[in-house]
Amino acid sequence: MKKSSSSPQAGIESEFQIYKERFEQAQKAGNVGVFDIDLVTGKQWWSAVEEELFGLLPGTFSGTDRDWRDRVHPADLPRVTKELKERLKNKLEDYESEFRIVLPDGNIRTLRGKGNIYYDAKGKPLRLIGVNYDFTERMQLEESLRFKAEASKVLASSLDYQTTLNSVARLAVPHVADWCVVDLLDSNGALQMVAISHSDPNQVKWARERRRSNPPDMKATSGLTNVLRTGKPEFHPVITNDMIEKAAKSPEELQLLRKIGFSSVIIVPLKAHDKTIGAMTFVMAESKRHYSKLDFQLTEQIASRASLAIENAQLYAEVDEERERLNNIVANVPGVVWEAYGKPDAAKQRIDFINKYVEKMLGYTVDEWLNTPNFWLTIVHPADREKAAAQAVAKFESGEGGVSRFRWLKKNGESIWVETHSYPILDKQGKAIGMRGVTMDVSERMELERRKDEFISMASHELKTPLTSIKVFTQILQRTLKEDSNTLVTKSLDRINVQVGKLTTLVSDLLDVSKIQSGKLELRKANFMLNTLIQDCVDSLQETTDHKIIIKGETSYQIYGDEDRLGQVLINFLTNAIKYSPEAGKITVAVTKETERVIIGVKDNGIGISKEHHNRIFDRFYRIYDNEDKTYPGLGMGLYISSQIIKRHEGQIWLKSTKGKGTTFYFSLPIIS
Amino acid sequence: MKKVLIIDDDDSILEALQIAVEMGGYEVKSTSSADSIIKLCEKFKPDLIISDLLLSGVDGRQLIQELQGQTSTKKIPIILLSAHPEGNKIAQTYNVTAFLAKPFEISELLSLISQYTS
């Protein structure tokens with residue numbers, strides 16, 4: 001103890017005074033009340049702050065435990081009393097407790113207590129000295145944070161927002177609100193109360209009934225409908241009597257509103273895509289609590305999370321609807337529309353989408369397709385399986401897609417021909433990760449094509465039989481009459497022979513076109529000398545024409561290819577040159593060599609071909625129709641066949657021509673060095 | 001004089017070929033039926049046979065196999081004639097002496113006959 005410079009007595013008193021003041025200041029600052037209980041007599045002493053905590057006027061404390069018992073919440077009293085008894089029985093020196101008190105205005109607070117218990121030598125309890133402090137705000141903050149965490153979790157858990165909003169409303173009661181209501185505007189703009197929560201189910205029932213019989217005034221300048229209209233939240237920390245009187249539409253309603261006893265209200269809007277779609281209402285009533293600014297912020301955060309959840313759910317529903325629409329559109333496409341992920345021949349390849357039509361086409365259910373890895377390949381006809389897999393992989397790996405044909409086995413064992421057009425699905429790096437496409441039943445088309453091929457094959461055979469005998473007889477006549485040298489007869493026979501030759505070529509060309517179309521043109525490739533081929537072709541045509549055919553350039557190159565088919569190309573070029581240069585007498589076959597290829601050009605000085613036809617002249621059945629002159633005879637097969645033959649030899653085919661100034665047709669072939 | 005047997009089910013071609021080959025200086029026997037061809041060969045003893053691929057009644061392919069399977073006929077050269085689009089391929093499969101696609105030049109046929117009878 002510090003010594004004073006004046007009288008010792010006065011010094012002690014003033015020092016005591018200083019300590020007392022400090023003690024009281026500290027209590028006030030910390031809002032901590034002090035109590036001292038004589039456990040033998042039951043007499044109590046409460047500090048001023050303790051009186052204030054328990055809602056007593058200063059100096060009105062009774063000095064017994066009566067005031068304490070009066071205030072402690074009836075639900076907590078037995079527990080707290082029992083806890084103290086236990087401590088005394090066990091001779092514990094620590095004292096700790098937590099309980100609610102009900103203040104005269106009905107406000108409920110939570111207090112915590114801490115202290116020491118003193119015992120005599122025999123263990124008889126003598127005294128309890130301790131402190132109480134108000135824990136309500138801290139507890140409410142904890143409750144709020146817990147609510148926020150739980151509500152956020154619920155909102156993120158499901159796309160069924162009606163259910164999640166209901167859960168959030170339930171979570172809010174009783175710690176964050178006495179009442180929590182969620183309203184949403186439906187697609188017609190009508191207000192729907194999707195969730196309401198209160199601790200008493202009868203009250204909820206009553207509130208629902210009231211909402212039906214007395215819907216909110218959509219034009220009100222404050223409250224729920226105002227929030228919906230403006231999109232701005234409303235925060236009423238204290239609901240005054242005035243406000244209740246203003247809101248009541250009738251004396252009965254005023255009575256009712258008073259009975260509910262609104263003390264504080266927050267209404268926060270729910271927004272999706274910047275549009276107000278509803279609101280959440282938090283109400284404090286019977287607990288007599290008042291919302292703080294912090295509470296308001298909390299509800300705003302919850303509302304924005306709920307908004308996001310609703311927005312997500314709505315977007316998902318839209319996507320779902322859109323998917324359903326597309327599903328319905330493709331369901332009736334008469335072909336299989338599909339999407340698959342993984343390499344087409346991989347065991348893990350799986351179908352991600354397939355339209356309903358597949359069931360009609362093959363008999364397997366959509367589920368079988370979706371749930372069996374690599375199902376498409378397992379039902380390919382065994383004879384086609386290897387090729388179909390290889391083609392699919394090639395389409396996948398080239399990154400370009402394409403068309404392929406194979407047979408699929410239906411569930412009933414029948415097989416059908418299908419044609420599949422598919423394209424790879426690429427990731428951001430451009431790497432194929434799957435395929436999507438359309439697969440059509442082409443059995444009927446295949447059958448028609450087969451019949452057409454068979455017909456053309458038969459027809460060419462049947463046409464060639466009489467041609468053969470005409471040709472033989474003509475040549476017999478030519479040989480017989482040669483000695484007579486009857487010029488008119490021999491000349492006529494020559495003509496017949498040439499025309500029979502042309503007819504034979506036409507029949508062969510028809511067959512070739514059909515073979516090319518069905519991919520059945522077979523090449524018999526071997527090494528041969530180019531000079532022999534050129535010489536043979538020129539010789540055979542020179543016999544039949546007055547045009548002089550000249551060979552220019554070095555021609556002895558070795559070529560790998562089908563000699564007959566390449567001869568067919570050269571003959572085609574030469575006969576065209578003869579046909580389209582009726583006035584000119586000279587045709588040149590020029591051979592030039594580039595690094596790894598040889599170019600054969602057949603040049604005439606005939607009528608020429610105007611530029612517009614150059615690109616299409618190698619198309620199947622392409623014919624030049626000339627307005628000024630005339631149309632030229634032919635079926636547009638020769639150059640098409642030639643171009644196909646050259647392509648199959650990894651060569652190129654092209655032309656240079658100016659109208660009226662002759663034409664040069666070229667083809668190039670790789671040389672064997 | 002060398003002897004040539006011609007088999008073709010088309011009478012017109014058969015007649016034309018008979019004349020043409022005779023003009024080429026051969027003794028010719030022609031038949032439109034492949035029936036009992038082995039007997040005919042044993043009797044006529046041709047130096048060369050000219051046959052069409054598709055014959056009504058007995059198939060030309062069957063006929064070739066019969067001829068190639070008989071000791072008395074297996075050494076006789078066969079020239080196969082056909083207007084069939086796959087004629088050339090079939091001729092290779094059956095290992096005949098030569099193949100000529102219909103229609104053909106008489107000169108081509110005569111040069112083949114002379115080549116395989118000399």
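Figure 1. A search of the whole structure, which is a predicted model, finds 1 cavity of 30 Å³ or more. On a 1 Å grid over the protein atoms alone, a cavity is a set of points where a 1.4 Å probe fits but cannot get out, and lining residues have an atom within 4 Å of a point. Grid points are joined across faces, edges and corners, and a volume is the space filled by probe spheres set on the points. Rolling a probe the size of a water molecule over the atoms shows where empty space is left. The largest cavity has a volume of about 170 Å³. Its lining comprises 18 residues, and those nearest the centre are A:W338, A:W376, A:A392, A:F406 and A:T420. Two or more lining residues come from each of β11 (336–341), β12 (350–354), α15 (382–398), β13 (402–409), β14 (415–426) and β15 (432–441) of chain A. Helices (H or I, at least four residues) and strands (E, at least two) are DSSP runs, numbered from the N terminus.

Conventions for every view are as follows. Residues are numbered from 1 along each chain as its sequence is written, and chains are lettered from A and ligands numbered from 1 in the order in which they are written. In this predicted model local features need pLDDT of at least 70 and side-chain atom pairs count only at pLDDT 80 or more, while totals for chains, interfaces and linings use all residues; side-chain values use heavy atoms, with hydrogens and water left out.

Figure 2. A:V438 lies in strand β15 of chain A. With a relative accessible area of 30%, A:V438 is partly exposed; buried means under 20% relative accessible area, exposed over 50%, and partly exposed in between (1.4 Å probe, protein chains only). Residues up to four places away in sequence aside, A:V438 touches A:V336, A:W338, A:E419, A:T420 and A:H421, where contact means heavy atoms within 4.5 Å. A:V438 and A:V336 are 102 residues apart in sequence, yet their C-alpha atoms are 5.4 Å apart in space.

**Figure 3. Strand β10 of chain A and its two pairings.** In strand β10 (residues 275–284) of chain A, 9 of the 10 residues are buried. Two strands pair if DSSP finds at least two bridges between them. Strand β6 (residues 179–185) of chain A pairs with β10(A) in the antiparallel sense over 6 bridges, and strand β9 (residues 264–272) of chain A also pairs with β10(A) in the antiparallel sense, over 9 bridges. A:V283 of β10(A) is the bridge partner of A:W179 and also stands opposite A:V265. The hairpin of β9(A) and β10(A) has 2 residues between the strands, and A:H273 in this hairpin takes a positive phi near 50 degrees.

Figure 4. A:T588 counts as buried because its relative accessibility is 11%; A:V591 counts as buried because its value is 6%. Apart from neighbours within four places in sequence, A:T588 is in contact with A:I550, A:K552, A:G601, A:V602 and A:K603. Beyond four places in sequence, the residues that A:V591 touches include A:L530, A:I534, A:K552, A:Y557 and A:I599. A:V591 and A:K552 are 39 residues apart in sequence and 6.3 Å apart in space, C-alpha to C-alpha.

**Figure 5. The parallel sheet of chain B.** The secondary structure of chain B comprises 5 helices and 5 strands, following the pattern β-α-β-α-β-α-β-α-β-α along the sequence. An open sheet is formed by 5 strands in the order β2-β1-β3-β4-β5 of chain B, with parallel pairing. Its edge strands, β2 (27–31) and β5 (98–101), each pair on one side only. Strand β4 (residues 78–82) of chain B pairs with β5(B) in the parallel sense over 4 bridges, and B:L81 stands opposite B:L100 in β5(B).

**Figure 6. The buried face of helix α3 in chain B.** Of the 118 residues in chain B, 50% are buried. In helix α3 (residues 60–69) of chain B, the buried residues are B:G60, B:L63, B:I64 and B:L67. Seen down the axis of α3(B), these residues fall within an arc of 100 degrees, so they line one face of the helix; the arc is that of the directions from the helix axis to the C-beta atoms. The buried residues of α3(B) pack against β1 (3–7), α2 (37–44), β3 (48–52) and β4 of chain B.

Key:
1 Å grid on protein atoms, 1.4 Å probe; cavity = no way out; pocket = protein on both sides within 12 Å on 5 of 7 lines; lining within 4 Å.
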